[in-house]
Amino acid sequence: MINEEIISSAKHLVDLLAEKRKTVATAESCTGGMIGGSLTSVPGASEVYGFGFITYANEAKEKLLGVRHDTLLSHGAVSPETAREMAEGARKVSGADIAVAVTGIAGPGGGTPEKPVGLVYVGISTESGAWAEKLNLSGSRDEIRKQTVLAALRLTSNKI
């Protein structure tokens, strides 16, 4: 369920994109479409948001976004390298001005000492380059996913 704080952040991003005449694309793994869902809950989002990719499986990351197989083998799906390549691929395929990608471990299982539950990377790609931000989140699976969406929306707004 998307909360009011997320809706407010999504509205801020949509308004900012419209003001700057920019477009955004999303590439989501651990959030499974929640970022796109938050954006499309805002009236007028269709003017700035046209492409959303849900790439939960590594195969989808490779086929749809062009994430290199070597990146996934060397660094894993939950890594800054994969987050950056996801964002770059989403921007390239969609033609958007900016793309945001998320990959992480929402739990409750799947974590390791090296990559614990709550580890998330947010990748952003613009014409200026690509970056990844590391998040160490806590809470239930739902809470981690909501925190990820909120962080992705805010980080994207900051890069416009």
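Tutor: A nonpolar core is a set of buried Ala, Val, Leu, Ile, Met, Phe, Trp, Tyr and Cys residues joined through side-chain atoms within 4.5 Å. The model discussed here is predicted.

Student: Which residues touch the most other members of the largest nonpolar core?

Tutor: They are Ile35, Leu39, Val122 and Leu153, in a core of 30 residues. Two or more residues each come from α1 (4–20), α2, β3 (98–104), β4 (119–126) and α6.

Student: And which element gives the largest share of this core?

Tutor: Helix α6 does, with seven residues.

Student: What does Ile35 touch, leaving out residues up to four places away in sequence?

Tutor: Ile35 touches Thr26, Glu28, Val102, Val149, Ala152 and Leu153.

Student: What other core lies apart from the largest one?

Tutor: There is another core of 13 residues, including Ala77, Ala87, Ala90 and Ala101.

Student: Changing topic: how do strands β1 and β2 run, and how many bridges join them?

Tutor: Strand β1 (residues 24–28) and strand β2 (residues 49–54) are parallel, and five bridges join them. Within this pairing, Ala25 of the model faces Phe51 in β2. Together with helix α2 (residues 34–40), the two strands make a right-handed β-α-β unit.

Student: Next, Ser157. Where is its place?

Tutor: Ser157 belongs to helix α6, which spans residues 141–159.

Student: What is Ser157 in contact with, beyond its neighbours within four places in sequence?

Tutor: Ser157 is in contact with His12, Leu13 and Leu16.

Key: Residues are numbered from 1 along each chain as its sequence is written. This is a predicted model: local features need pLDDT of at least 70, side-chain atom pairs count only at pLDDT 80 or more; totals for chains, interfaces and linings use all residues. Side-chain values use heavy atoms; hydrogens and water are left out. Two strands pair if DSSP finds at least two bridges between them. Helices (H or I, at least four residues) and strands (E, at least two) are DSSP runs, numbered from the N terminus. A crossover is right-handed if, with the strands pointing away from the viewer, the path from the first strand over the helix to the second runs clockwise. Contact means heavy atoms within 4.5 Å. Buried means under 20% relative accessible area, exposed over 50%, partly exposed in between (1.4 Å probe, protein chains only).
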